[in-house]
2 protein chains.
Amino acid sequence: MTTVRENDFSVVLINTFFVKPGKTDELLQVLIKATDDVMRHQPGFISANLHISLDKTRVANYAQWRSKEDFERMQENPDVKPHMKLAAELAERFDPMLYTVAHVDNRANV
Amino acid sequence: MTTVRENDFSVVLINTFFVKPGKTDELLQVLIKATDDVMRHQPGFISANLHISLDKTRVANYAQWRSKEDFERMQENPDVKPHMKLAAELAERFDPMLYTVAHVDNRANV
């Protein structure tokens, strides 16, 4: 289970993969393996949450990192690059962006 | 606090707003007001989680809905449309997509 909170000082990567036709499940498996084998062992990793669009054209990773610096250090890790290359090959393009959580609103306010 | 779980049968809207220069904070306030005034009172609303990119060029809403049908019903609600028109006017473009959660991985596996 992942939790999202306001003002917790972590950063969020939303990386949207525009998937090559028919490659959605394969890309998902590549990203799961990348997370299990490498990402989750990097300093500052909090969570990776992988999503498939209902129309199967996109895979989105909503990933939480302790800081921008931890995220950037991960990207320079040579163990990470082969996984990201494999993922990139299954997508027409991908669009990563770092965010902070600005506001959280729940129906139940729990 | 928002929680993200695998296989909970809800849907996730990720709506990325590519903000007009200097309009980031204004757009955020419009989306907060839309959520508070209208969205959170619609059947099937679970949460809205608003993000600002570190470079201030984008606002992303990660919103959970009970079902695709609830989300679509909300879009047809006449109370919703003025809020969405206001948000759209502050963005160069916006890119909404519905997803399901396919995989969740946490460092601590809590």
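B:R40 and A:D105 form a salt bridge in this predicted model, with 2.8 Å between the closest N and O atoms. The rule finds 4 salt bridges across the interface of chain B and chain A.

On the side of chain B that touches chain A, the elements giving two or more residues are the strands β1 (2–4), β2 (11–19), β3 (45–53), β4 (58–65) and β5 (91–106), together with the helix α1 (24–37). The largest share comes from β5(B), with 11 residues. Sorted by class, this side of chain B has 24 nonpolar, 15 polar and 9 charged residues.

Strand β3 of chain A, residues 45–53, runs antiparallel to β5(B), and 7 bridges join the two. Within this pairing, A:A48 has B:D105 as its bridge partner in β5(B).

As for the extent of the interface, chain A and chain B each bring 48 residues to the contact. Between them the two chains bury about 4100 Å², and carbon and sulfur atoms account for 53% of that area. Of the area that chain B buries against chain A, 18% is supplied by B:M1, B:D105 and B:R107, more than by any other three residues.

How values were computed
Residues are numbered from 1 along each chain as its sequence is written. Chains are lettered from A and ligands numbered from 1 in the order in which they are written. This is a predicted model: local features need pLDDT of at least 70, side-chain atom pairs count only at pLDDT 80 or more; totals for chains, interfaces and linings use all residues. Side-chain values use heavy atoms; hydrogens and water are left out. Contact means heavy atoms within 4.5 Å. Buried area is the accessible area (1.4 Å probe) that two parts lose on being put together, summed over both. A salt bridge is a side-chain nitrogen of Lys or Arg within 4 Å of a carboxyl oxygen of Asp or Glu. Helices (H or I, at least four residues) and strands (E, at least two) are DSSP runs, numbered from the N terminus. Ala, Val, Leu, Ile, Met, Phe, Trp, Tyr, Cys and Pro count as nonpolar, Asp, Glu, Lys and Arg as charged, and the others, Gly among them, as polar. Two strands pair if DSSP finds at least two bridges between them.
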